[in-house]
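Hi everyone, thanks for making time this morning. Let's bring the model up on the screen and walk through it together.

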Amino acid sequence: MASPAQPAVAAFARMAKGQVRHYSAPLDMAVPAAKQKFIPSSGSYPKGFLVSGTHVGVKASNTKYPDLALISSETPCSAAAVFTTNKFQAAPVQVSKDILATRKGEGVHSVVINSGCANAVTGKGGVEDAVSMGKTVDECSGLNEPSTLVMSTGVIGQRLPISKILSKIPTAHKGLSSTHDAWLTTARAICTTDTFPKLLSQTFTLPSNPGRTYSLAGMTKGAGMIHPNMATLLGVLCTDAPIDSSALSPLLKHAVSRSFNSISIDGDTSTNDTVAFLANGAAGGHPITAPSTATPSADYTAMQSILTAFAQSISQLVVRDGEGATKFVTVRVQNSPDYESARLIASTIARSPLVKTALYGRDANWGRILCAIGYTQGVAAGTVIPERTSVSFKPVDGSPVLKLLVNGEPEQVDEERASVILQEEDLEILVDLGGGEKGEKGLGGEEAVYWFCDFSHEYVTINGDYRT
């Protein structure tokens, strides 16, 4: 068992080797100065939801930081979730899936999450532990039927210190609160290698009742083992808008496909990925229902747009906190015959180690981008035509794009300007499959966007001693 002193010894050893972590969480869990701007100082949280973050000490080395999160609604919620497609699905994933299926997405009250241990690949005992976590929350809420979703994050292949967790759930329940500080502490409790808690909230209105204000809040965690194959991290979204259970799942799936499923840090998909969406309707109004025809209601369309934009914003925080990351990169693939082909190309670029290391080295090596486009599997026939393909860097300062390849012909790249562009924290890569400056739209006008980060020396350092 690791002693509390060991992390400090490991940090000293890294320092002696010249491997100081400039982009990862300090040992005292303080938020790096560059990440402070992503932490909200206030919020607009949905009515009827209460939250808490409690210290358990799931990892023996954690002696004081919150590692048990509880999100609870005062009234029953409609609920939906998307889960990892990894075949080694963690115990909490299995349990939460069963609860949602049994309840048909209705009557869910809470979500309980522990960090420090994933409870993944832990056999029947791990499933029993996940069930007991949810059951204990339900008992604290005076409920007799399973109505709590369970999530876990941390090291794979280890059993939870379940007695410690269960003993602290009543404390977590008593500490439930609606304040901003409580939401922020709860968001912090689900962090592992994250350098800052990821929390967002906003208000919105719906066309059927523009005078009524609703709120949407969400928290997520993730900094490593991140690549879309569902959600690739943990997340909980809550709203006080009235959304029928039949509408919740399609709304969430649409949002996730364009947000959590469009981010990548290292190309690895976790065993525990879960994003849940809860709606308690506490703010009143007419329920949003699933479309019964090809034309959805105005409220459904508005909610879809609001939720997708919100999910994009909060999922991008995961990329900005990528382990060892120094850059936040948007790749935009335009003029594709279909959305899925564009998305596949963007995904391939986002997970290419050669592209990511070139960006870290501030090297405008666009050949690596082109290579990734060319070996993308599963795209529609005729999607990638070399003579119609263009690649550019788009600076964040609004200045003209730096053209690298136009209609299959290489440009004379201004290396000095490229270096200046690549020194910025944010960068956009534009890939046009339809003819670039010739104005041709090619086979179609579909566009897909992905967000990813670079690969630094520090990513290897962080993951090389993750368990120590």
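Let's begin at Pro 337, which sits in the loop between strand E10 and helix H8 (339–350); helices (H or I, at least four residues) and strands (E, at least two) are DSSP runs, numbered from the N terminus. This is a predicted model, where local features need pLDDT of at least 70, side-chain atom pairs count only at pLDDT 80 or more, and totals for chains, interfaces and linings use all residues. Residues are numbered from 1 along each chain as its sequence is written, and side-chain values use heavy atoms, with hydrogens and water left out.

For us, buried means under 20% relative accessible area, exposed over 50%, and partly exposed in between, with a 1.4 Å probe and protein chains only.

Seven strands make an open, mixed sheet in the order E8-E15-E10-E14-E11-E12-E13, and two strands pair if DSSP finds at least two bridges between them. At the edges are E8 (263–264) and E13 (409–410), each pairing on one side only. E8 runs parallel to E15 (residues 446–453), over two bridges, and Ser 264 stands opposite Phe 452 in E15.

What lies across E8, E10, E14 and E15? That is helix H9 (residues 353–360), running at about 60 degrees to E15. Helix H10 (residues 366–375) packs on the sheet too, touching E11, E12, E13 and E14, and its direction makes about 130 degrees with that of E11. Contact here is heavy atoms within 4.5 Å; axes are lines fitted to C-alpha atoms, for helices over the stretch in contact, and angles run from 0 to 180 degrees between N-to-C directions.

On to the inside. A nonpolar core is a set of buried Ala, Val, Leu, Ile, Met, Phe, Trp, Tyr and Cys residues joined through side-chain atoms within 4.5 Å. The largest has 96 residues, and Ile 71, Ile 113, Trp 183 and Ile 243 touch the most other members. Helix H7 (residues 298–320) gives the most, with 11 residues. Why does this core lie between domain 1 and domain 2? Because domain 1 (33–321) and domain 2 (328–465) both give residues to it; the bounds come from an automatic or database domain assignment.
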